[in-house]
Amino acid sequence: MFPYTHICFAKDVLGDLTNEIVLGAVFPDTIIAGFIEHSETHRRCAQLYSYLSRVGLFQNFAKGAITHGSAPQGLDYYCDEKYLDFSHGFAFQQALPLVEKVIKACNLPEEMGLWKAHNFIEMSAELWMYNNRTDCYGYLAKALDDQNLILDLSELLAPFFDVPIGKIAMSLPIYGEYVLLGEVTAPKLAEKYSLQTKKKHGINIDIAAAAEIIEEGLLIVDNTLPEFMTFSVTEVKKLFSV
């Protein structure tokens, strides 16, 4: 999922939003900066919590990351890997009607179609959440502006991920360049997504066509996202009740 969705989700699971929680909730996706692997940020969240607990600092950052990741089973597990009895996670399942349009709009080989189409469902979910959850406006920009917190976190995260402090510290502001920090609209989501596809794959997408697909996806998630989010909140809360 995209950042606003993760922030709202973290609030629903943890009952609060602080700069520490917000940075934790988006940290797994700072892999866009290119300094840490996806498996490190998404599948080591429990180990990160144990490490920070031993240190005695920033456990809430780790809790935010747990709500995001895939091991233990946070939002991205249910979104990307497995949801109910579907053959895919939520976003992949919902993306099936969009695949051919995404292939065309993004100049993709066919084998990448479903993978990238699931990103469009995630963007549609981001737009839905922004339109329906005004309570989380502004938190991401505020957290990314907390340079002292980012430096303090980086000093602790660097040895855990075996990455230099400077690269950890850079990863969050770099991430901020690839996501929306304020208003969320379909055209703005498409523009930011074009930056990601250019960086990752060297692909130039049709931004106007991509925005139309996001709007089409909004009609899909309008009927399915609330139930998915309620289910996921209930399941992820269980991780903190033991």
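Helices in this report are DSSP runs of H or I with at least four residues, strands are runs of E with at least two, and both are numbered from the N terminus. Thr41, for instance, is found in helix α3, residues 38-42.

Before we go further, a word on the source: this is a predicted model, in which local features need pLDDT of at least 70 and side-chain atom pairs count only at pLDDT 80 or more, while totals for chains, interfaces and linings use all residues. Residues are numbered from 1 along each chain as its sequence is written, and side-chain values use heavy atoms, with hydrogens and water left out.

## The overall picture

The protein has 14 helices and 0 strands. The radius of gyration is taken over C-alpha atoms, and the globule rule is 2.2 Å times the number of residues to the power 0.38. The protein has a radius of gyration of 17 Å, close to the 18 Å that the rule gives for 242 residues, so it is as compact as a globular protein of that length. Its C-alpha trace spans about 50 × 35 × 30 Å along the principal axes.

Buried means under 20% relative accessible area, exposed means over 50%, and partly exposed lies in between (1.4 Å probe, protein chains only). Of the 242 residues, 53% are buried. Accessible areas come from the Shrake-Rupley method with a 1.4 Å probe, and for residues only the protein chains shown count as cover. The accessible surface comes to about 10600 Å², with 52% of it belonging to carbon and sulfur atoms.

Contact means heavy atoms within 4.5 Å. Among contacts between residues at least 6 apart in sequence, 69% join residues at least 24 apart.

## Some residues in helices

Let us return to Thr41. This residue is buried, with a relative accessible area of 3%. Leaving aside neighbours within four places in sequence, Thr41 is in contact with Phe27, Pro28, Ile31, Ile36 and Phe161.

Asn19 is found in helix α2 (residues 19-26) and counts as buried at 14% relative accessibility. Which residue does the side chain of Asn19 make a polar contact with? A polar contact is a pair of N or O atoms within 3.5 Å; within protein, one must be able to donate a hydrogen and the other to accept it, and residues adjacent in sequence count only if both atoms are side-chain atoms. The partner is the side chain of Asp146, at 2.9 Å. Beyond neighbours within four places in sequence, Asn19 is in contact with Lys142, Ala143, Asp146 and Leu149.

Val102 belongs to helix α8 (residues 99-105), and its relative accessible area of 0% makes it buried. Not counting residues up to four places away in sequence, Val102 touches Leu108, Gly113, Lys116, Ala117, Phe120 and Ile213. Val102 and Lys116 are 14 residues apart in sequence and 7.1 Å apart in space, C-alpha to C-alpha.

## A bent helix

Helix α12 (residues 165-177) bends by about 30 degrees at Ser171, and Pro173 follows within four residues. The bend at a residue is the angle between axes fitted to the seven residues ending there and the seven starting there. Ser171 is one of the buried residues of α12, along with Ile168, Ala169, Leu172, Ile174, Tyr175 and Gly176. These buried residues pack against α1 (3-14), α2, α10 (139-144) and α11 (147-161).

## Backbone details in the loops

A cis peptide bond joins Ala71 and Pro72, with omega about 0 degrees. Pro72 is found in the loop between α5 (59-68) and α6 (75-81).

Leu84 and Asp162 each have a positive phi without being a glycine. Here they are side by side:

## The cysteines

How many disulfides are there? A disulfide is a pair of cysteine sulfur atoms within 2.5 Å, and by this rule the count comes to 0. Cys8 is in no disulfide, and the nearest cysteine sulfur, that of Cys136, is 3.6 Å away. At 0% relative accessibility, Cys8 counts as buried. Cys106 is likewise in no disulfide; the nearest cysteine sulfur belongs to Cys79 and is 17 Å away. Cys106 is buried, with a relative accessible area of 1%.
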